[in-house]
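Reader: Please take me through the chains of this assembly and the contacts between them, one point at a time.

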Amino acid sequence: MDVAAHPIEQHEAHDHIHPAPEGFIAKYVFSIDHKVIAIQYFVTGLLFMLIAGSFAELMRIQLWNPKGTFMEYHTFNQMFTMHGTVMVWLVLIPLVTGSLGNLVMPLQIGARDVAFPWLNMLSFWLIPVSGLILFSTFFVGAPSSGWTEYPPISLEQGPGGPLWCLAIIVVGISSTLTGLNFMVTIFKMRAPGMTWTRMPLFTWATFATALINMFATVALSAALLALFFAQVYNVPFFDPARGGSVILYQHMFWFYSHPAVYIFILPAFGVISEVLPTFARKTIFGYKMIAFSSLAIAILGFAVWAHHMFPGGIAPWLQIPFMIITYLIGIPTGIKIFSWMATIWGGRIQFTTPMLYAMAFIGTFSFGGITGVYLACVPVDLHEHGSYFVVAHFHYVVAGGAVTAFFAGFYYWFPKATGRLLSEKMGKVGFWLFMAGLTGTFLPMHWLGLEGMPRRYASYETFAKAFPDAVFWNRFESVSSFLMVAAIALVAVNIIYSIRSGRRAGNNPWGARTLEWMISSPAPYYNFKKIPIVLDRPYDFTQPLPYRNLDEVTDPYPVPSEAVLPRNAAGMGV
Amino acid sequence: MSQVAPSAPQIVTPKGLGPGFIPVTIVMTVINIAVMFAVLYLPLNFLLPSESNAASDSAVSIDGLFKFMTVFGVAITVYVSGYTAYFAFVFRRRPGESIYTVGVPIHDAPKLEFWWTLLPTILLVVLMGLTISVWKQIQFPDTAAALTTEVVGHQFNWEFRYPGLNGSLYSPTSEMHLPYGKPVKILVSSADVIHQFWVPEFRLKVSAVPGMVTQLNLTPTRAGRFDISCSEYCGANHSIMQGSLVVESPDAFNKWLAAAKVQVANASGTISLAGGDPGVGKTTFSQKCAACHNAGGTFDQKIVGPGLLHVTDDPAHPKLVDDKPPTPEDIAEILVKGYTGPIGAMPNRQANGLSDSDIANLVAYLVSLK
Amino acid sequence: MTAELLERLIACIGSLLVGGTASWQLRNELPLHGLDAQVTKLLLGLMIVGCVLALLASLNVLGAFA
Amino acid sequence: MAVRSVARTTPYLEKVAVEARYNDVDPVYAETRDIRLFGFVLFLLADCVLFGAFVFAYLYLRTAAPTWPPVVDGKQLPRLDVAFGAMNSIVLFGSGVTMHFALESWKHLKKLAFNFWLVATILLGIGFLAGQAHEYMSAQMTWQGSTFGASFFTLTGLHGFHVFAGVCFLTVLGIQANRGVYTGSKYFGLVAGTLYWHFVDVIWVLLFFLFYLW
């Protein structure tokens, strides 16, 4: 390709750069800049995480004593309902897709913003609105029937129920719009030369996520609209006495909510695929397999929903196809995990905080994935469904998978968002605290569930009589869960400390090779003065950078700045 | 970036698969084989209740599937995390190494990728085969059921019905009885919301769905007493919705059934409210109800539940919270069944520990309040 | 003339008219390319199907329940 | 708020821009239009899922019911009035045809014809809504009474809401067009309006078949 003669360079590209907005409100509140919106998502998500996390801690205090006397059963039920709701819709979706996706994806494809910046702002502002609606339910009696809100139990909870529906429909609109926005951005706004197979893997993952966001989330809105009508107007969709079916809701709900877990986990896969090559100083192994397996997971994810309903309500013959498709998801997931292992094989690994999180992810996530195969297996699921085994499984996938990967991405891209590095020391202490907390809290839940402890129990006296060990393990979990609180508190401290006195990052502190590191940190308002030209995939560390037309003079072989390299041999400790 | 870049990065090529790869692999394989033997031959009662002394025929085959998955699941976990940790250690950046050092640029290894796609696929296909055979045995058993029983979920207790018993056999301490050695069919339904009937020792559960009848087919294999829990969230007192199941010899079961028939024939079914003593009721109220209800307050003077001074004569609330007229019988019904609704939840008589005479006394006391 | 007959008559004549015009529009649209034209072709085609359904319904071929 | 330009950033947009320059069209507009068009089509696809979910619910309830229309209080509900439904459908389909003519007129710079066809579309749209109102009033079932009523009123209500939104959308487009917002080469708003209106028609094809003919 004759680069010098590329048509792009014949034009003055800066003629379309708009000046950055002036004034606090336009700059930081109603900003249409994807980088500012990403930070807004992050702050809101972290705030909601503190709230939902404190619900979880209240639950763990309740379960200290098998009699469960710390709070009323009804309050406990509200706690787990709100914990689930807030964590899924107001923490994970804003943090993983909203924050990381918004910050990184446009930079990685060499775009100046997302396709519809104004819509992007709207998507963000719907999140706090939804949060307000959701928390207002505490004044009228918060919903108490679990984050799944199965009718008929969810029909009898007063005004909290419809408000809950409204709040989640608002989040649904927000994430549909985000999905649409990202989809158009990735389809239409990639830098010249960036073909599909030259796209960075995080962008691939964001693309697969956008697909789910767009199509599954609308189905959720429909399900909740139907539930809203049933709650407020007594419409008989879910009333067996008038020909309705309570199972119908579960079909409609899980058609979204199974893909929903892929909304958190696919971007997580993307983060891992970025972090591992950078710190292993080695090209990603099996680029195409990783990229296409994201798509495969997204598409298969639409056809597995009924595995949440095995123990009752669906025809027995229907269990088998859903089981088989669920098993099949194990194959692309396995390919990803093996490819990541092959990526770090033969590298020169630097144990920075993001790398620690990324490597821990391989272990915790594959463990969570394997317990998922147990739950997909119909006969075994007949034992495990609705037990603490399920709780353990999805917390391993969500906390051990999505949140762990989010932290990897957070430590990795924080310098790009703020221009400062986070403290590695606090980061590593936080990492070990988080991992200890994660294991201590969720690992014992596996055997508690297998022994017969059902989930959503405010007290477990009968179970504790049959299995006296249960008291010990529940207390062990309660103590461990506070380690995770400490880890997240440490993240907050780290942010405050580093924003004020963290080390300056420079353009490319990690020596990474994707486009976002080719511009200054924090990224300028217009991202790229000149739109870069992409000649190849970014990941081969033995080749010079495959970019032309960059704004800044860049070392053809990017290297980490000495300052971020760990001093001691292994660097895994502090 | 003050350093001048050398013309190309320095590539470090590992020797073979890495130093110590084979010993590490051997260690992990030994661990896996040990785990395999432990899973297959040691009693797993700490993990699966009464694994070594199975309580139902399905439990044996479901445990078999569980063990199959555990053997391979543990192996995959050990290899994945083990190799990740090993690679991390062996291929770590050495202190003082040039920052231009990079790893070997291997993009693909088609043979390796082929195998790591094929092997999990084969494993999953085998698992599918095993699963389907077990599933078939559970869902469509060969032998016809010798006994059909019914279970009905209520907020918050289980009701058990047996053939030949007119109506239900249903009392606060009621138990489910099953004979061992005979195939039974349990038909499960619900009177209000979704519940889930779970006996962990049987390894089986099924949802009690309003408007539907679901079923469980199994053969209990040994005598014993087991807990039945509700494992689908069903309301405020979900966590105390327990029942117990007694599996006994067919003879003992028949004896129990005959006695139960007599008991049902004799039971009147309703609580006699005549003879309730308001004075005794007041004492009972202060012990069991006063924590949540204010006997001297109007409806809106709540503690947790509404005040009960004008329970029968409040013009603002001419009906009870369940929309029924405030007759003594309907007050008694709330005491028996409890209440869940927009204004909160009240436990039922089992949870509150109310006997028939307690209820009669309480109703007499509440009706006397003006 | 009952109201139903009138309705059927309007539906019958209308569906022929609308279906015919839509088919003519679709034919004019066929050589065009671009995303909007492709989507328009699909939607016009489905609308013609709708006209056929309405025609059959008006003639009591479809939706004729005892 | 202005959408920040994404001029000449992608292989796609580059092609669009080159074609635009060749055809003497503003390249920045051509790119913006390309992006908005793609986004709008995706929006319509997502909207399909909304209807799809409720159609799924309808099919689920219908196949689960022992008889259809279902029995309420011992009486089987009557069928909907097919003749009226067919007539009302033709009103809506006719509005699709007139909307297409409106866009074609605009493309050929015939402003008077455009206004005529657009007003015809809006009137036909209102006519359809009036027909729906009549259908609702004369319906012998209620939203609460049966699953037939629940699905019918929810789905057609949702569709009616879309028609209503479309009528508002087209009215705004008409005002904008007459105020000179659109020109002979820049009229994406009208294209979007036409696509949306066709989409609403096509959704009705499905609903008409499901509720009246099947």
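Reader: How many residues do chain D and chain A bring to their contact?

Author: The model is a predicted one, and two residues count as in contact when their C-beta atoms, placed from the backbone, lie within 7 Å. On that criterion, the contact takes 46 residues from chain A and, from chain D, 37 residues.

Reader: Which element supplies the largest share of the side of chain D that touches chain A?

Author: Helix H1 (11-22), helix H2 (27-64) and helix H5 (147-178) of chain D each give at least two residues to this side. The residues on the side of chain D that touches chain A comprise 25 nonpolar, eight polar and four charged. The largest share, 16 residues, comes from H2(D).

Reader: Which element of chain A gives the most to the side that touches chain B?

Author: Here 88 residues of chain A are in contact with 86 residues of chain B. Among the elements of chain A that give two or more residues to this side are helix H3 (73-108), helix H7 (246-280), helix H9 (316-344) and helix H13 (424-451). With 14 residues, the element that gives the most is H9(A).

Reader: How do the residues on the side of chain A that touches chain B divide into nonpolar, polar and charged?

Author: This side belongs to a contact in which chain A places 88 residues against 86 residues of chain B. Its residues divide into nine charged, 28 polar and 51 nonpolar.

Reader: Why does the radius of gyration of chain A agree with a compact globule?

Author: Chain A has 15 helices and two strands, and its C-alpha trace spans about 75 × 55 × 50 Å along the principal axes. A compact globule of 574 residues would have a radius of gyration near 25 Å, so there is agreement with the value for chain A, 24 Å.

Reader: What percentage of the residues of chain B count as buried?

Author: A residue is buried if 20 or more other C-beta atoms lie within 10 Å of its own. In chain A, buried residues make up 68% of the 574 residues. For the 370 residues of chain B, the value is 34%.

Reader: Among contacts in chain A between residues at least 6 apart in sequence, what percentage join residues at least 24 apart?

Author: In chain B, 67% of the contacts between residues at least 6 apart in sequence join residues at least 24 apart. For chain A, the corresponding value is 83%.

Conventions. Residues numbered from 1 in each chain as written. Chains lettered and ligands numbered in written order. Predicted model: local features only at pLDDT ≥ 70, side-chain atom pairs only at ≥ 80, totals over all residues. Helix = DSSP H or I, 4+ residues; strand = E, 2+ residues; numbered from the N terminus. Nonpolar A, V, L, I, M, F, W, Y, C, P; charged D, E, K, R; others polar. Buried ≥ 20, exposed ≤ 12 C-beta atoms within 10 Å, placed from the backbone. Rg over C-alpha atoms; globule rule 2.2 N^0.38 Å.
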